[in-house]
Amino acid sequence: GSFMMVNASGRASGQKAHLLLPTLKENDTHCIDFHYSLSSRDGTSPGTLNVYIKVDGGPQGNPIWNASAPVTEGWVKAELAISTFWPNSYQVIFEAVSVQGHPGFIAVDEIHVLAHPCRKTPHFLRLQNVEVNVGQNATFQCIAGGKWSQHDKLWLQQWNGKDTSLMVTRVVNHRRFSATVSVTDTSQRSTSRYRCVIRSDGGSGVSNYAELSVKAPPTPIAPPELLAVGATYLWIKPNANSIIGDGPIILKEVEYRTTTGNWAETHVVDAPTYKLWHLDPDVEYEIKVLLTRPGEGGTGPPGPPLITRTKCAGKCQYV
């Protein structure tokens, strides 16, 4: 296994030393265990030992495990239950951070990759991707195998390292527990990645990264096209092929009203063209198209209006 020992004596606060393990591509459940030691003559902590899990060459992010105080009595064993599998790869990074005026040693030894589950650290099941529309609640469900303890710390970690605490944890059975968390920042169209992290007495568990896609409800770019006009009808083409926002479009609706009225009606459109019937002769109408994509809040704002007038039923006089 690998080995690192850092002499923190005479170091300025915040100085760092790193031990980078080779990049791993694992096909099955596995466990990484290691031993660490924080020691000093006067019993004060010489600094902090952090562990990072870097996936697919991405950002280092925030630590998924750390130890700082108190000093250890000899060597202490810890486990990493990492649920990142081929074709994705990951790298474990150990980081020792010194504290000025605290002489001592920070050490890591006997790092092993074991072909079986961790004994004291929960393993996460696959975290599923989530898609929501702008402004809607996005919720991830982190499910782990193992026993839940009220002392365990659970959180959601973003690709850029930002951490969000998990709100609700429940025991599914003696071998499973789950936790849910709502992501609050869904105010605009975006794509981001999140993973679940748990810190237990035995070590830390990390899930795969899942994608959060925040989609913008669609809006037509152009107004409806007028195909034919009668005294009591208007025949239109919705013009819904060019949109602002995201598809797929699962519902098309036509909203119309008179330009001088305060009422509006909405009709579902299930054909390439649509005929508005039973209109009043020689009246000006405003017609807009509404589009809807999957999910709650999937209906976008109406597109640009078509303003047109029905024909006269007989002789019309204009002033």
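Me: What radius of gyration does the protein chain have, beside the value near which a compact globule of 319 residues would lie?
Reply: The model is a predicted one, and its C-alpha trace spans about 105 × 45 × 35 Å along the principal axes. A compact globule of 319 residues would have a radius of gyration near 20 Å, but for the protein chain the value is 30 Å.

Me: How many helices and how many strands does the protein chain have?
Reply: Among the strands are β1, with residues 4-7, and β3, with residues 31-39. Taken over the whole protein chain, the count comes to 0 helices and 27 strands.

Me: Of the contacts in the protein chain with a separation of 6 or more, what percentage is accounted for by residues 24 or more positions apart?
Reply: Two residues count as being in contact when their heavy atoms lie within 4.5 Å. For contacts in the protein chain with a separation of 6 or more, the part that comes from residues 24 or more positions apart is 73%.

Me: How many disulfides does the structure hold?
Reply: In general, a disulfide is a covalent bond between the sulfur atoms of two cysteines. One such link joins C31 to C118, with 2.1 Å from S to S, and another joins C142 to C196, with 1.9 Å from S to S. The number of disulfides in the structure is 2.

Me: How many residues apart in sequence are the parts that C31 and C118 tie together?
Reply: A disulfide joins C31 to C118. C31 lies in strand β3, whereas C118 lies in the loop between β8 (105-114) and β9 (123-124), so the pair ties together parts whose separation in sequence is 87 residues.

Me: Is the disulfide of C31 and C118 right-handed or left-handed?
Reply: Both partners are buried, since C31 has a relative accessible area of 1% and C118 one of 8%. The torsion about the S-S bond of C31 and C118 is about 100°, so this disulfide is right-handed.

Me: Which strands hold C142 and C196?
Reply: C142 and C196 are joined by a disulfide, and with -75° about the S-S bond their link is left-handed. The pair links distant parts of the chain, 54 residues apart, and the strands that hold C142 and C196 are, in that order, β11 (residues 138-145) and β16 (residues 190-199).

Me: Does C196 count as buried or exposed?
Reply: A residue is called buried when its relative accessible area is under 20%. Because the relative accessibility of C196 is 1%, C196 counts as buried.

Me: Which residues does L166 touch, not counting residues up to four places away in sequence?
Reply: L166 has its place in the loop between β13 (163-165) and β14 (168-173), and at 11% relative accessibility it counts as buried. Leaving out residues up to four places away in sequence, L166 touches C142, L154, W155, L156, A179, T180 and V181.

Me: Which residues make the nonpolar surface patch of about 420 Å²?
Reply: One of its members is M5, which has its place in strand β1 and counts as partly exposed at 47% relative accessibility. A residue needs over 30% relative accessible area to belong to a patch. The nonpolar surface patch of about 420 Å² is made by F3, M5, W75 and F105.

Conventions
Residues numbered from 1 in each chain as written. Predicted model: local features only at pLDDT ≥ 70, side-chain atom pairs only at ≥ 80, totals over all residues. Heavy atoms only, no water. Patch = residues over 30% accessible without salt bridge, like charges linked within 9 Å, V, L, I, M, F, W, Y side chains within 5 Å. Areas by Shrake-Rupley, 256 points an atom, 1.4 Å probe, with all protein chains shown as cover. Salt bridge = Lys/Arg side-chain N within 4 Å of Asp/Glu carboxyl O. Helix = DSSP H or I, 4+ residues; strand = E, 2+ residues; numbered from the N terminus. Buried < 20%, exposed > 50% of the residue type's maximum accessible area, 1.4 Å probe, protein only. Disulfide = S-S within 2.5 Å. Rg over C-alpha atoms; globule rule 2.2 N^0.38 Å.
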